[in-house]
Protein chains: 2
Amino acid sequence: MLIGSIETGGTKFVVAVGSGNGEVKQKLTIPTTTPEETMPLVHQFFRQFNLEAIGVGSFGPIDVNQQSPLYGYITSTPKLPWQNFNFVGALKEKHEVPIAWTTDVNAAGFAEYKLGNAKGTESCLYLTIGTGIGGSFIQNGEILNAYSHPEMGHLLVRRHLDDDFEGLCPNHNDCLEGMASGLAVEKRWGKKGFKLIDNEKVWEIEAFYIAQALINYTLTLRPERIVLGGGIMKQKQIFSLVRGQFKELLGNYIEVPNLEQYIQPVGLHNEAGIIGGLLLAERELMKSTVIY
Amino acid sequence: MLIGSIETGGTKFVVAVGSGNGEVKQKLTIPTTTPEETMPLVHQFFRQFNLEAIGVGSFGPIDVNQQSPLYGYITSTPKLPWQNFNFVGALKEKHEVPIAWTTDVNAAGFAEYKLGNAKGTESCLYLTIGTGIGGSFIQNGEILNAYSHPEMGHLLVRRHLDDDFEGLCPNHNDCLEGMASGLAVEKRWGKKGFKLIDNEKVWEIEAFYIAQALINYTLTLRPERIVLGGGIMKQKQIFSLVRGQFKELLGNYIEVPNLEQYIQPVGLHNEAGIIGGLLLAERELMKSTVIY
């Protein structure tokens, strides 16, 4: 069985083919420019293979509501050439196979849940803290998508008392993403995160925002596992700080698993999105071939 | 078909019998004292009927994890005589019928979803703001319970700039419940909420905390409908304030339904918990009689 997977990002698309169990056999990186330029390169890559399904993890916001006339569209993205682009429609025109359509964060979370550091759990919160911040929640094999997909990165947070950074979210200024994304760290301190490894204050403040968000997700969703990925979480020293501040903020109120187990780094690293696309495409194929 | 329902509260139990479609036929109020005193009165009431199933919406925290050895227990409640009480076990000893076991908030949310002001939606957040604050989320007919049931009332919130109340949550001081529960309003202003109707500042501050929490639940869960109940929400003037502050805090970031539709009062009033118990018991009965 050959399956296609697409992970779309602000600067590049990754396209891959693989097997149903998430194994990547071949992949290619394509620059993200305009649909007119980028999509033909996607089609060209996929045309080499006899694919049975395609999975897409896209930057958002996207329409994931199957009842909506805009299902399959990228909607109000700041990446202007992609605004209101019918992504699933464009794929279906060239490839007559079942297509799984979700956000990049949902795809990566699904891969961590199935094959990464949440494997074996019944529910998982996945949070990626990079240029932006996004989250997904999977329970009993289902990705949480109600009225639309989560936008957990924009949680309203309390400020750290020593932090006078104004925040950089264009919609909310000092929401989680505005205060704790990779871009926020860079703007606050004047350097990228990986050049600030020895500055303890950077990571104490960063851990404060992340831990606070994890408390609120925990109280709302009660996941069995939290997996943290993205560029910021490559600073491994931050995990013990996040766990410490989480413990303090929780105030022993509810039972959570042992924090070393509960709050973990990603298992699949940069591959999670593309592997998630393969897994979701396989699931879509199974659904579409069920005999009722 | 006759079904039993129990709603347990800090001062009283309500027990009822009804039909499977949520219609209450007879009910009784019993004081909440100790399991030794209260439970025999529950059994005595139910013994009059030929029940096919019983649903319980209990104060928490409770163990709802069916894999846990403590499933069916009330766990670390401050109501000392009920700590570590095997509620489902006590019921099963006297009534050999399927038992649905969840929190009071989950039961009430389920009733609002099925028959109340979220009827017809696919997903609903229910929040009760009374003596305490609690929330539940239902999607596609399933109540969100992952590692355990949500504890949404304890969300960490930003302070209102004009508010110097220290908060009264024993675990987190100034979390949502610590700042915005009925008890917090009473302690901050020296009077119960219903005696403060004409004080605009009371409701502006209250709406600020509620709207902020609704933003964070919305970003995390993306419900199609929010239903707000509990004593505080009987002050109908607060709904337009909550909607107004919600709109401002959201910053036009994500699409939500029209706010008049999106944020609504309860439809079932004080009956939601007991009706939810009936509906959940009926569902439990259906599950237990499925032929595989």
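Tutor: A strand is a DSSP run of E at least two residues long, a helix is a run of H or I at least four long, and both are numbered from the N terminus. By that numbering, A:N140 sits in the loop between β9 and β10 (142-143) of chain A. Residues are numbered from 1 along each chain as its sequence is written, while chains are lettered from A and ligands numbered from 1 in the order in which they are written. This is a predicted model, in which local features need pLDDT of at least 70, side-chain atom pairs count only at pLDDT 80 or more, and totals for chains, interfaces and linings use all residues; side-chain values use heavy atoms, with hydrogens and water left out.

Student: What makes A:N140 count as buried or exposed?

Tutor: Relative accessible area decides: buried is under 20%, exposed is over 50%, and partly exposed is in between (1.4 Å probe, protein chains only). A:N140 has 54%, and therefore counts as exposed.

Student: And why is A:N173 called partly exposed?

Tutor: A:N173 has a relative accessible area of 46%, which puts it in the partly exposed class. A:N173 is in the loop between β10 and α4 (176-180) of chain A.

Student: What is said of phi in A:N140 and in A:N173?

Tutor: Most residues other than glycine have a negative phi, and most peptide bonds are trans. Phi is near 50° in A:N140, a positive value in a residue that is not glycine. In A:N173, also not glycine, phi is positive too, near 55°.

Student: Which peptide bond of chain A is cis?

Tutor: A cis peptide bond joins A:G60 and A:P61, with omega about -5°. A:P61 lies in the loop between β4 (53-58) and β5 (73-74) of chain A. In chain B, B:G60 and B:P61 are joined by a cis peptide bond with omega about -5°.

Student: How do you know whether A:S5 is buried or exposed?

Tutor: The relative accessible area of A:S5 is 0%, so A:S5 is buried. A:S5 belongs to strand β1 (residues 3-8) of chain A. Contact means heavy atoms within 4.5 Å. Leaving out residues up to four places away in sequence, A:S5 touches several residues, among them A:V14, A:F46, A:G55 and A:L278.

Student: What makes the pair A:S5 and A:I274 a polar contact?

Tutor: A polar contact is a pair of N or O atoms within 3.5 Å; within protein, one must be able to donate a hydrogen and the other to accept it, and residues adjacent in sequence count only if both atoms are side-chain atoms. A polar atom of the A:S5 side chain lies 2.7 Å from the backbone oxygen of A:I274. That distance falls within the 3.5 Å limit. In chain B, the side chain of B:S5 reaches the backbone oxygen of B:I274 at 2.7 Å.

Student: Why is helix α3 of chain A described as largely enclosed?

Tutor: Helix α3 (residues 104-114) of chain A has 11 residues and 9 of them are buried, so the rest of the structure largely encloses it. The buried ones include A:V105, A:F110 and A:Y113.

Student: How do you know how much area chain A and chain B bury between them?

Tutor: Buried area is the accessible area (1.4 Å probe) that two parts lose on being put together, summed over both. For chain A and chain B that comes to about 3,600 Å², 55% of it on carbon and sulfur atoms. Of the area that chain A buries against chain B, A:Y147, A:L156 and A:R158 supply 22%, more than any other three residues.

Student: What makes A:D174 and B:R158 a salt bridge?

Tutor: A salt bridge is a side-chain nitrogen of Lys or Arg within 4 Å of a carboxyl oxygen of Asp or Glu. The closest N and O atoms of A:D174 and B:R158 are 3.2 Å apart, so the pair qualifies. The rule finds 2 salt bridges across the interface of chain A and chain B.

Student: Why is the relation of chain A to chain B called a two-fold axis?

Tutor: Copies are superposed by least squares on the C-alpha atoms of residues with pLDDT of at least 70 in both. Chain A can be laid on chain B by a turn of 180° and a shift of 0.0 Å along the axis, with an RMSD of 0.0 Å. That relation is the one a two-fold axis gives. In chain A, the C-alpha nearest the axis belongs to A:R158, 2.6 Å from it. The same surface serves both copies, as 100% of the contact residues of chain A recur in chain B.
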